[in-house]
Amino acid sequence: MTAEHGEKIADKLRDDPGGGRKHDHVYVKWRGRIVATYGIRRSSHELPHDYISQELHVTTRQAIDLARCPLSRADYFEILRLHGHLPKMKCQSCDTEDFDREVSHETLMYNKKSHRVNLCRQCLGRARQNDRQIWKTILDKL
Ligand SMILES: [Zn+2]
């Protein structure tokens, strides 16, 4: 692997498209949490950057596929998930674990207060409509 591979992977995985072009240090975030990080040695383009694949928790082959085309961002996170490198999130209301029905972290208003909650898609929809039953289960557990 080379620094160029590292750059291409950074372009593919970073979630802030407005960010700087050149990355000395790359943070791979999944739903706001850093799940992998690696540095690119700017001054040493000719030196091998094989450590990047280790930092990304994938094989060198997979990292190169990521830098080229075959492996997408979604594929990459799927590999991390399979190997237990992604944090699990639980729905605060129904206790569903992530990936059964995607759990997301949101800030919602209820009774004029903002609450930071982890909810699955279904519960989130109901919470947004101020469903009392859902809010009771959320607030009871806080
Ligand atoms: Zn739920």
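**Exercise 1.** Does N130 count as buried or exposed, and why?

*Solution.* This is a predicted model. Start with the place: N130 sits in the loop between α5 (121–128) and α6 (132–141). Next, count neighbours: N130 has 12 C-beta neighbours inside 10 Å. A residue with 12 or fewer is exposed. N130 therefore counts as exposed. Last, check the backbone: phi of N130 is near 55°, a positive value in a residue other than glycine. Most residues other than glycine have a negative phi.

**Exercise 2.** Describe the surroundings of K90.

*Solution.* K90 belongs to the loop between α4 (73–82) and β3 (103–110). It has 14 C-beta neighbours inside 10 Å, so K90 counts as partly exposed. Set aside neighbours within four places in sequence: K90 is then in contact with D95, E97, V103 and N118.

**Exercise 3.** Which element gives the most to the largest nonpolar core?

*Solution.* The largest nonpolar core has 15 residues. Two or more come from each of α1 (3–13), β1 (25–30), β2 (33–39) and α3 (60–67). The most come from α3, with three residues. I9 is among the residues with the most contacts inside this core. Not counting residues up to four places away in sequence, I9 touches A63, L66 and A67. A second, separate core of 10 residues includes C91, V103, L119 and I134.

Notes. Residues are numbered from 1 along each chain as its sequence is written. This is a predicted model: local features need pLDDT of at least 70, side-chain atom pairs count only at pLDDT 80 or more; totals for chains, interfaces and linings use all residues. Helices (H or I, at least four residues) and strands (E, at least two) are DSSP runs, numbered from the N terminus. A residue is buried if 20 or more other C-beta atoms lie within 10 Å of its own, exposed if 12 or fewer, and partly exposed in between; C-beta atoms are placed from the backbone. Two residues are in contact if their C-beta atoms, placed from the backbone, lie within 7 Å. A nonpolar core is a set of buried Ala, Val, Leu, Ile, Met, Phe, Trp, Tyr and Cys residues joined through C-beta atoms within 7 Å.
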